[in-house]
Amino acid sequence: RDRHPGWRPVSFASPFEAGTWFLLSQRTRTPQAAAIKLRLRDELGESVTVDGEARRVFPAPDRIAALEWFPGVPERKWANVRALAHAALEGRLDGERLRALPPEEAVADLQELPGVGPFTAQGIVLRGAGAPDLFAPDEPRMAKAAALAYDLPDEPSRNELAELAETWRPFRSWV
């Protein structure tokens, strides 16, 4: 934080959009998931004007919840995306709500949704709700990055990583 004042992690526009991305990209190549996300935006998103130019935005949860299927998305995965849309409509993915909960509680709550495991739940809280102080040990690159940053001979264990993360408070998400 001292080396880069004013910087913060890039977030999605909403926890729902973040969650949809994490669900779509599970066991899918990134370019394929990105193409599906763009098609969702182009086919279902509202048009807004930014600096005089019309642009499409990611669709609202009600638009996705209403669709029984979407081309290119496996049936089970689409069912999970629709369940996420229903959860958003119920208020479970409200950013203020998620940030008001202790981060670990928010992650546990989201893991009750179909298809949402630890990595996806942490991603929704961190990159969707913008929670500043969540330790996200299920990010697969975290241990390697810590080993590089701290010049460690080996990647730290989960417990060692948690100990390192304590020094990052109250901005563990930013690391």
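Colleague: Which residues of α6 are buried?

Modeller: The buried ones are Pro103, Ala106, Val107, Asp109 and Leu110. Keep in mind that we're looking at a predicted model.

Colleague: What puts them on the same side of α6?

Modeller: Around the axis they span an arc of only 160°, so they sit on the same side of α6. The general idea is that an α-helix has 3.6 residues a turn, so residues three or four places apart point the same way. As for what lies over those buried residues of α6, the cover includes α5 and α7.

Colleague: Asp109 is in that list. Why does Asp109 count as buried?

Modeller: Buried means under 20% relative accessible area. Asp109 has 15%, so Asp109 counts as buried.

Colleague: And what makes Asp109 and Arg97 a salt bridge?

Modeller: The rule asks for a side-chain nitrogen of Lys or Arg within 4 Å of a carboxyl oxygen of Asp or Glu. For Arg97 and Asp109, the closest N and O atoms are 3.0 Å apart, and the pair forms a salt bridge. This one links distant parts of the chain: Arg97 belongs to helix α5 (residues 95-100), Asp109 to helix α6 (residues 103-110), and they are 12 residues apart.

Colleague: What about Glu139 and Arg141: how far apart are their closest N and O atoms?

Modeller: They are 2.7 Å apart, and the two residues form a salt bridge. Arg141 counts as exposed because its relative accessibility is 62%, and the cut-off for exposed is over 50%.

Colleague: How many salt bridges does a search of the whole structure find?

Modeller: It finds 16.

Colleague: Which residues do salt bridges with shared partners join into one network?

Modeller: Glu104, Asp133, Glu166, Arg169 and Arg172.

Colleague: Let's stay with Arg172. Why is Arg172 called buried?

Modeller: Because its relative accessibility is 6%, and the cut-off is under 20%. Arg172 is in the segment after α9. Not counting residues up to four places away in sequence, Arg172 touches Glu104, Pro132, Asp133, Leu134, Phe135, Ala165 and Glu166.

Colleague: Now the largest nonpolar core. Which of its residues touch the most other members?

Modeller: The core has 32 residues, and Phe16, Leu40, Ile64, Leu93 and Leu110 touch the most other members. At least two residues each come from α1 (15-25), α2 (30-44), α3 (61-65), α4, α6 and α7. With 6 residues, α4 gives the most to this core.

Colleague: What is Ile64 in contact with?

Modeller: Beyond its neighbours within four places in sequence, Ile64 is in contact with Phe16, Leu40, Leu44, Phe58, Pro59, Trp78, Val81, Arg82 and Ala85. There is also a second, separate core of 7 residues, which includes Ala146, Leu161, Ala165 and Trp168.

Colleague: Last one: which residues make the nonpolar surface patch of about 180 Å²?

Modeller: Val48, Val50 and Val57 make that patch. Val50 is found in strand β1 (residues 47-50). At 40% relative accessibility, Val50 counts as partly exposed, and a patch residue needs over 30%.

Note on methods: Residues numbered from 1 in each chain as written. Predicted model: local features only at pLDDT ≥ 70, side-chain atom pairs only at ≥ 80, totals over all residues. Heavy atoms only, no water. Patch = residues over 30% accessible without salt bridge, like charges linked within 9 Å, V, L, I, M, F, W, Y side chains within 5 Å. Areas by Shrake-Rupley, 256 points an atom, 1.4 Å probe, with all protein chains shown as cover. Helix = DSSP H or I, 4+ residues; strand = E, 2+ residues; numbered from the N terminus. Buried < 20%, exposed > 50% of the residue type's maximum accessible area, 1.4 Å probe, protein only. Arc of directions from axis to C-beta. Contact = heavy atoms within 4.5 Å. Core = buried A, V, L, I, M, F, W, Y, C linked by side-chain atoms within 4.5 Å.
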